[in-house]
Amino acid sequence: MSNIESLAAPVQLRNVVRQFGQQRVIDSLDLDIAPGEFVALLGASGSGKTTLLRSLAGLDSIDSGQLRVPKARAAVFQEPRLMPWKRAWKNVILGLRIPDAKERAVQALTEVGLAHRLDAYPATLSGGEAQRVALARALVREPKLLLLDEPFAALDALTRIKMHRLIIELWRKHTPSVLLVTHDVDEAILLADRVIVLAHGKIAEQLTIDLPRARDTGQDGFQAIRARLLSLLGVEVDVPAAVGQAAVSGVRRFAHG
Amino acid sequence: MSEKILNAGSFSVDKAARIQGEPEGVSRLIPLWLRNWRTPEVLLRLLSPIVLLLAWELASELGLIPQRIIAAPSQIGGTLWAMIVSGELGKHLLVSLQRALLGLSIGVSIGVVAALITGLSKRGEVILDSPMQMLRTIPSLALVPLFILWFGIGEFTKIALIVTGTTFPVYLNLFSGIRNIDPKLIEAANTLGLNRRELIWHVILPGSLPAFFVGLRYSLGISWLALVFVEQINTTAGIGFLASDARDFMRTDVIVICLLIYSVLGLLIDGLIRTLERFALAWRPSFVRN
């Protein structure tokens, strides 16, 4: 890898190890995320997904190896983690040291469609609204790396669909690199440029998803990728014969590494 | 009359018809407003206390309850009025309030400072927490003899006793409030780049405020309790003095008045704290919903 390329990748992990006692939760992991790339991280519970994300967020240290992340990074978690005692707009600009803070907060909340909820306390927001405030809070910092830790897992199905659209829209506008940790295979395929399957702290498989956007689960090739990812995660699915044929070519087309 | 209609499996009851109907029989003689009369709940609530008071009054009149046991309600009311008009009650009340508030504010301040030191720093906890826990277990009234030896029997001892009683509830609650802040919020604050000072100001202090208020309420109750006690030792003013003076003269009416004052003031101060909470904790779900 050339020097220029390595400068370009905002996230670079080389031989990263994180262990708790004897157990290596992250085991000699190498990972690059390109500028503006949307990466989804799949894996069974205990595969090291969350630990990896926490290391990238600076919430956890690593035991050995090299880890390079941009200073400008932000995280959205499964729970919105808003300060209950601060109104929505104050939550958005918490920790920012800028003069026109309120203006920026209004702008960020308008982007996520919450211009009318500026002064609401978190307790009065619905789950989806609170998560959108959390998203605004992350994006107002103009991060080079946006870390999403199952941010849609606690939302209802309809809200989740809306949030998927919103996140893509905002990702295109702000162009951060994104690392999305999720359990939801469909979500990963719908959103990401690249899906990484993590097992025992190592990358078991990665697929580049080059389905055209906007994606939907009925799209050509979608089910094939889904079946492939699910089998990597230990779930066998029956793909109908006709689709199965496409699946083989699909996998051939999209498989990577 | 009620009418039931059954059709196609649906079922409805029509009850509105009755009110419109013309009154029949004797009820025609009762005016409409009286027939529709519904006793307000407030009156019903007051009913049993009033009956009790009347029974008490009657028993006193008949000599069933001698005055040296307890005075009649009418006499208590008369004495209360006389004490209010003469300004005597106001004078003693003011002295008591000053004592309670002074002791309370010093006690709460010490509790808050100590809790901040132990809550916010590990070293502070190591140094300060065990002495606080040891002191906490001493009943403050047991300190009376020592305090009298040290500070004499004047105002200082009285305030000091209220201070020792009110420090610890605030200390314990605020300390646990600080330590029990949701670690997820602290993590979020860290990813948002808050420094330590900002973390304390924007996350830890507001998050521990509900616990502080719990402590404050306990402290208030204790300050009142301590006040009753300290005002009965060598005082010349205050509600407690009034009560012990009344005891010497067997004035049961004055004693009852003092008890009333304590309970009314307690309620008032609790109401004050509630109002404070309503403003300071406006973000809490129980407040924002209504």
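Visitor: Where in chain A does pLDDT stay under 50, and how many contacts beyond four places in sequence does the model have there?

Guide: Start with the general rule. Where pLDDT is low, the predicted coordinates should not be read in detail. This is a predicted model. In chain A, pLDDT stays under 50 over residues 241-257. The model has 26 contacts beyond four places in sequence for that stretch.

Visitor: What does chain A average in pLDDT?

Guide: Chain A averages 87, and 90% of its residues score at least 70. Residues 1-6 of chain A have a pLDDT below 50. Beyond near neighbours in sequence, those residues have 2 contacts in the model.

Visitor: Which elements of chain B have the lowest and the highest mean pLDDT?

Guide: Take the whole chain before its parts. The mean pLDDT of chain B is 86, with 90% of its residues at 70 or more. Among the elements of chain B, strand 1 (residues 3-7) has the lowest mean, 47. Helix 8 (residues 155-179) of chain B has the highest, 94. Residues 1-6 of chain B fall below 50, with 10 contacts beyond near neighbours in sequence.

Visitor: What ipTM and pTM does the predictor give the complex?

Guide: The ipTM is 0.83 and the pTM is 0.78.

Visitor: Which residues of helix 12 of chain B are buried?

Guide: They are B:T252, B:D253, B:V254, B:I257 and B:C258. Their cover includes helix 4 (73-86) and helix 11 (239-248) of chain B. Here is a general idea for any such list. An α-helix has 3.6 residues a turn, so residues three or four places apart point the same way.

Visitor: Is A:E103 buried or exposed?

Guide: Count its neighbours. A:E103 has 12 C-beta neighbours inside 10 Å, so A:E103 counts as exposed. A:E103 sits in helix 4 (residues 101-111) of chain A. A:I93 is 10 residues away along the chain, and the C-alpha atoms of A:E103 and A:I93 are 9.9 Å apart.

Technical notes. Residues numbered from 1 in each chain as written. Chains lettered and ligands numbered in written order. Predicted model: local features only at pLDDT ≥ 70, side-chain atom pairs only at ≥ 80, totals over all residues. Buried ≥ 20, exposed ≤ 12 C-beta atoms within 10 Å, placed from the backbone. Helix = DSSP H or I, 4+ residues; strand = E, 2+ residues; numbered from the N terminus. Contact = placed C-beta atoms within 7 Å. pLDDT = per-residue confidence, 0-100.
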